[in-house]
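Q: Please take a close look at a single part of this model: the domain contact and its surroundings. Keep it brisk, and give the cut-offs.

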Amino acid sequence: MNEPEENTNQGTLYLVATPIGNLGDISRRACQVLEEVEVVACEDTRRTGKLLELLGLQAKRLLIANEHTESSIGPTVVDLLAQGKDVALVSDAGTPAISDPGERLVKHVVANEHQVSVVPGPSAAVAAVTLSGFPTKRWAMEGFLPRKGQERSVQLKAIGLADRTTVIFESPKRLGKTLSDLAAACGPDRPAAVMRELTKLHEESVRGTLAELRERFSGDVKGETVIVVSAAEAQEVSDETIINALEEELAKGTKTSGAVTQVSIALGVQRNRVYALAHQKLE
Ligand code: SAM
């Protein structure tokens, strides 16, 4: 096995992904690391204890790293690493630091110049976007939306305008309300998907418009859910808009080829279309 480069005799903090439902998704390397490290830091010792038991693994010691303790355990973890002991961080499910504790601990460990490594694996966000069938070339992970207020409306508005696929975590209780707010922000006809209970027995992927999904999930929903919203459709840019933009750019003294480039980037249209219009209409 290729291990990350060792930093003298210091320990490494391993960020270890664990299954989001299906135990079979644990990696061999995750098992190996969880058994070998001195301490496994976890959100909930009972939950991680159960996972280790199901996997037939013995961890040396568990330490609580939840949203309340994540900052305060930083110095303990750094001490262990300084003594040459390895530490693993796991969350209740999926990849640590993705809408889960991890970010602050990593920051602290990095600031103290200790090594951090990752044992990648399941994450509900990646699972949902890959399954959605929407473009995956560019996508944004919004995590959980703010529950209310201006922060929520600003984020919903941004999702409405986003030119890339958006992934949102949501609890089953709030799913209906969030689908309803998304339909208002993105328009009821925007294609979207709800992925429920991924990798579990009752896994379900429901695709439709936001209005259809709002209707479908308006009642009692069970299990864990992720919403994937497709990008806003690119607005058709008229020849007139391109010519006006070219004229503005040329009026600034920009040369034709520079103006063509600027306008094609600014309006997101093919350069040869702008070039042709520049030569047909403006010469
Ligand atoms: N760090 C985790 C990850 O990488 O998957 C995510 C943690 S976040 C606290 C939990 C949210 O992930 C849930 O509310 C749900 O939106 C989503 N989730 C987790 N497991 C899921 C599953 N099996 N199916 C669908 N969504 C899931």
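A: The protein chain splits into domain 1 (12-122), domain 2 (125-229) and domain 3 (239-281), with bounds from an automatic or database domain assignment. This is a predicted model: local features need pLDDT of at least 70, side-chain atom pairs count only at pLDDT 80 or more, and totals for chains, interfaces and linings use all residues. Residues are numbered from 1 along each chain as its sequence is written, and side-chain values use heavy atoms, without hydrogens or water.

Take domain 1 against domain 2. Their C-alpha centres lie 28 Å apart. Six residues of domain 1 are in contact with eight residues of domain 2 (contact: heavy atoms within 4.5 Å). The two domains bury about 500 Å² between them, 62% of it on carbon and sulfur atoms. Ile20, Ile98 and Ser99 supply 68% of the area that domain 1 buries against domain 2, more than any other three residues. Buried area is the accessible area (1.4 Å probe) that two parts lose on being put together, summed over both. Salt bridges between the two domains number zero (side-chain nitrogen of Lys or Arg within 4 Å of a carboxyl oxygen of Asp or Glu).

Now the backbone at Ser99. Ser99 sits in the loop between E4 and H4. Helices (H or I, at least four residues) and strands (E, at least two) are DSSP runs, numbered from the N terminus. Ser99 has a positive phi of about 50°, although it is not a glycine. Most residues other than glycine have a negative phi. Ser99 is partly exposed, at 36% relative accessible area (buried is under 20%, exposed over 50%, partly exposed in between; 1.4 Å probe, protein chains only). Ala97 is found in the loop between E4 and H4. Its phi is also positive, near 75°. Ala97 counts as partly exposed, at 29% relative accessibility.

The buried residues of H3 (residues 74-82) are Gly74, Val77, Val78, Leu80 and Leu81. They cover an arc of only 160° around the axis, so they lie on the same side of H3; the arc is that of the directions from the helix axis to the C-beta atoms. They pack against strands E1 (12-16), E2 (39-42), E3 (62-64) and E4 (87-89), and against helix H4 (103-111). Just after H3, Gly84 takes a positive phi of about 85°.
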